Amino acid sequence: MAPDDLDQAMRLSVYGHFVRTGLAPAAEEIAREVSAADSAIRDSLERLAAGHVLVLDPGTRELWMAMPFSAVPTSFRVIAGAQQWWANCAWDALGISAMLRLPAEIYSSCSDCGDPPRIRTTGYQLTEGSGVVHFVIPAASWWDDIGFT
Amino acid sequence: VGAIISLAAAWELAGAWYADRLSPAWRGRTAAEAQELFERLGLTGSFWRLA
């Protein structure tokens with residue numbers, strides 16, 4: 001499979017797994033799904049990370065983010081029916097509901113008061129929730145340290 | 001420090017940003033395309049400038 005085709009298949013496989021399970025797939029699971037060798041999967045993950053399509057853990061090189069999904073628990077949790085996902089930030093939590101077009105509840109830690117504000121959406125519009133979203137890092141520097149952003 | 005936007009504005013941004021992410025045709029945005037999206041949503045000023 002040509003690298004571009006593999007990267008595309010990988011991307012769809014990773015996102016599909018997140019959508020279905022709320023979890024990141026293991027490299028072996030992706031390898032099975034796209035019928036590629038582990039080494040080819042690793043190379044593809046690195047290319048996708050270099051292109052800012054995915055984010056890998058700086059130490060382990062395991063999948064960390066497939067925006068808006070997070071592979072690890074965060075302060076932002078999105079629940080739709082029996083399924084739940086972790087989001088990387090408030091923007092991504094809203095993004096999961098908007099992307100999936102699913103009615104969802106969003107739980108997060110309010111950075112000012114510590115209360116867990118609840119946001120509800122229909123997947124197409126907000127139905128409950130108030131407050132603001134605070135962006136700390138200017139847009140031009142988001143990818144300098146995407147984990148912090 | 002930073003930028004503060006309403007929850008409603010963040011919802012609009014999230015919807016516009018991620019609407020096509022699951023599409024097989026998704027190819028990512030250029031900086032110019034991202035800047036255009038920000039501007040369309042009223043996110044202007046130095047904080048939102050990508051280059």
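Author: Before we start, contact means heavy atoms within 4.5 Å, and helices (H or I, at least four residues) and strands (E, at least two) are DSSP runs, numbered from the N terminus. This is a predicted model, where local features need pLDDT of at least 70, side-chain atom pairs count only at pLDDT 80 or more, and totals for chains, interfaces and linings use all residues. Residues are numbered from 1 along each chain as its sequence is written, chains are lettered from A and ligands numbered from 1 in the order in which they are written, and side-chain values use heavy atoms, with hydrogens and water left out.

Reader: Thanks! How many helices and strands does chain A have?

Author: Chain A has 4 helices and 9 strands. Along the sequence the order is α-α-α-β-β-β-β-β-α-β-β-β-β.

Reader: What share of the residues of chain A count as buried?

Author: Of its 149 residues, 42% are buried, meaning under 20% relative accessible area, with exposed over 50% and partly exposed in between (1.4 Å probe, protein chains only). As for contacts in chain A between residues at least 6 apart in sequence, 39% join residues at least 24 apart.

Reader: Let's go to α1 of chain A. Which residues of α1(A) are buried?

Author: They are Leu6(A), Asp7(A), Gln8(A), Met10(A), Arg11(A), Ser13(A), Val14(A), Tyr15(A), Gly16(A), His17(A) and Phe18(A).

Reader: Nice. What do the buried residues of α1(A) pack against?

Author: Their partners in chain A are α2, α3, β2 (63–66), β3 (69–70) and β5 (83–87). Helix α1 (residues 3–21) of chain A itself has 19 residues and reaches 26 Å from first C-alpha to last, close to the 27 Å expected at 1.5 Å a residue; the expected span is 1.5 Å times one less than the number of residues. Just after α1(A), Gly22(A) takes a positive phi of about 80°.

Reader: You mentioned α3. At what angle do α1(A) and α3(A) pack?

Author: The angle is about 85°, with the axes 10 Å apart. Axes are lines fitted to C-alpha atoms, for helices over the stretch in contact, and angles run from 0 to 180 degrees between N-to-C directions. The two helices are therefore roughly perpendicular to each other; 65 to 115 degrees counts as that, under 35 as roughly parallel, over 145 as roughly antiparallel and the rest as oblique.

Reader: Which residues make the contact?

Author: From α1(A) there are Pro3(A), Leu6(A), Asp7(A), Met10(A) and Arg11(A), and from α3(A) there are Ala40(A), Ile41(A), Ser44(A), Leu45(A), Arg47(A) and Leu48(A). They divide into 7 nonpolar, 1 polar and 3 charged (Ala, Val, Leu, Ile, Met, Phe, Trp, Tyr, Cys and Pro count as nonpolar, Asp, Glu, Lys and Arg as charged, the others, Gly among them, as polar).

Reader: And how far apart are the axes of α2 and α3 of chain A?

Author: Helix α2 (residues 27–34) of chain A and helix α3 (residues 38–50) of chain A have axes 9 Å apart, at an angle of about 105°. They are therefore roughly perpendicular to each other. Here α2(A) brings Ala27(A), Glu28(A), Ile30(A), Ala31(A) and Val34(A), while α3(A) brings Asp38(A), Ile41(A) and Arg42(A). That contact has 5 nonpolar, no polar and 3 charged residues.

Reader: What sits in the loop between α2 and α3 of chain A?

Author: Ser35(A) lies there. Its phi is positive, about 55°, although Ser35(A) is not a glycine. At 65% relative accessibility, Ser35(A) counts as exposed.

Reader: Switching to α4(A): how many of its residues are buried?

Author: Helix α4(A) is mostly covered, with 10 of its 11 residues buried. Among them are Trp91(A), Ile96(A) and Met99(A). Just after α4(A) comes Arg101(A), with a positive phi of about 55°. Arg101(A) is found in the loop between α4 and β6 (104–108) of chain A and is partly exposed, with a relative accessible area of 37%.

Reader: Last one: where is the cis peptide bond?

Author: The cis bond joins Met67(A) and Pro68(A), with omega about 10°. Pro68(A) lies in the loop between β2 and β3 of chain A.
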